[in-house]
Amino acid sequence: MTESFHRSGEYENPHEGQQQAPVNPEWPPPPAYAPAHAPHPKKRGRGPLALIAAVAIVAAAIGGGTAYGIQELTGNDTVASSSTSTTVVPSSQKGTVAGVAKAVSPSIVEISADSGAGSSTGSGVIITGNGEIITNNHVVSGASQIKATTSDGKSYTAKVVGTDSKKDLALIKLENASGLKAATLGDSAGLQVGDQVVAIGSPEGLSGTVTSGIISALDRDVTVPTDEGQDQGRQQWGQGQGQGDQWPFEFGGRQFNGDTGSDTTTYKALQTDASLNPGNSGGALIDMNGNIIGINSAMYSPTSQASSSSDAGSVGLGFAIPINTVKADLAKLRAGSTD
């Protein structure tokens, strides 16, 4: 928005400095000299071309101001480009953690996955009204039974549609689900260090837990186990006792939360100081307009070894898969990939 408001309700010309056709009240211009026999010329009224040009300039100024006003009133600048739709944060609560939590919590589920190694608890993000859910691959990998519980307490059986262990992503589908509130997938390309964010998930089975913080860093190389090492990870970190999914990962040449094993994958992650705890994996990292900008995937614990995930807690070092990575992978997941 380049125009500004001046006295008497006039707008500054948004095209100031650009070459424009002259608008002159004396149009066409008088001759360079007056004939000797002619009387003093009378001042001419504005010609039709001058009137049209003046109207066009005023219309452009008013039009720009009107468009800006409509945008501010409707909040269209908060709507992310997405194939799904959901209610964004109301204008009265825009930029508040409470507003984000109220708008997005209905789109976050708690996931319980049972396998031969035990059970794990994670989170997921609803992306379609009929129950498609994005989560981490390590939350559901090897599971023989998956259940998802929505924010209103309804429980559904879920099936894995597709997985991508290299990006630690999975798509699951709830059975017999309809009318769910889908999240809006935002754009992670424009994020900056210091941007405020909100995280929603189910740490230690406490569904719908909301925390907040900022983007601490961009493009962190985070290394996590792929399928082959994940059962070992579950057993090591107490998930057989029904604990959350504090997942081993490697960063900066060091391994955290246990041994990642020999079969690993590395992806670019968002770093956040929003509190992430075991069970947050697969949940949402959200901007202050209510758009999903990341899928929470790993957290650092200061304990070198732990008998259960309850021995660990957040120290403000969490990582999330950028949502643009998710969107680029979605067609592959829907096609039933098992990479």
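Me: What makes the contact between Asp221 and Lys268 a salt bridge?
Reply: In this predicted model, the side chains of Asp221 and Lys268 meet at 2.9 Å, N to O. A salt bridge needs a Lys or Arg side-chain nitrogen within 4 Å of an Asp or Glu carboxyl oxygen, so the contact qualifies. Asp221 is in strand S9 (residues 209-225) and Lys268 in strand S12 (residues 264-272), 47 residues apart, so the pair links distant parts of the chain.

Me: Why is Asp221 called partly exposed?
Reply: The relative accessibility of Asp221 is 39%. Buried means under 20% and exposed over 50%, so this value falls in between. Lys268, at 45%, is partly exposed too.

Me: How do you know that Lys167 and Asp329 form a salt bridge?
Reply: Their N to O distance is 3.6 Å, and the cut-off is 4 Å, so the pair counts. Lys167 lies in the loop between strand S5 (155-164) and strand S6 (169-174), and Asp329 in helix H5, so the bridge ties together parts 162 residues apart in sequence.

Me: What makes Asp329 buried or exposed?
Reply: Asp329 has 2% relative accessibility. That is under 20%, so Asp329 is buried. Lys167, at 29%, is partly exposed.

Technical notes:
Residues numbered from 1 in each chain as written. Predicted model: local features only at pLDDT ≥ 70, side-chain atom pairs only at ≥ 80, totals over all residues. Heavy atoms only, no water. Helix = DSSP H or I, 4+ residues; strand = E, 2+ residues; numbered from the N terminus. Buried < 20%, exposed > 50% of the residue type's maximum accessible area, 1.4 Å probe, protein only.
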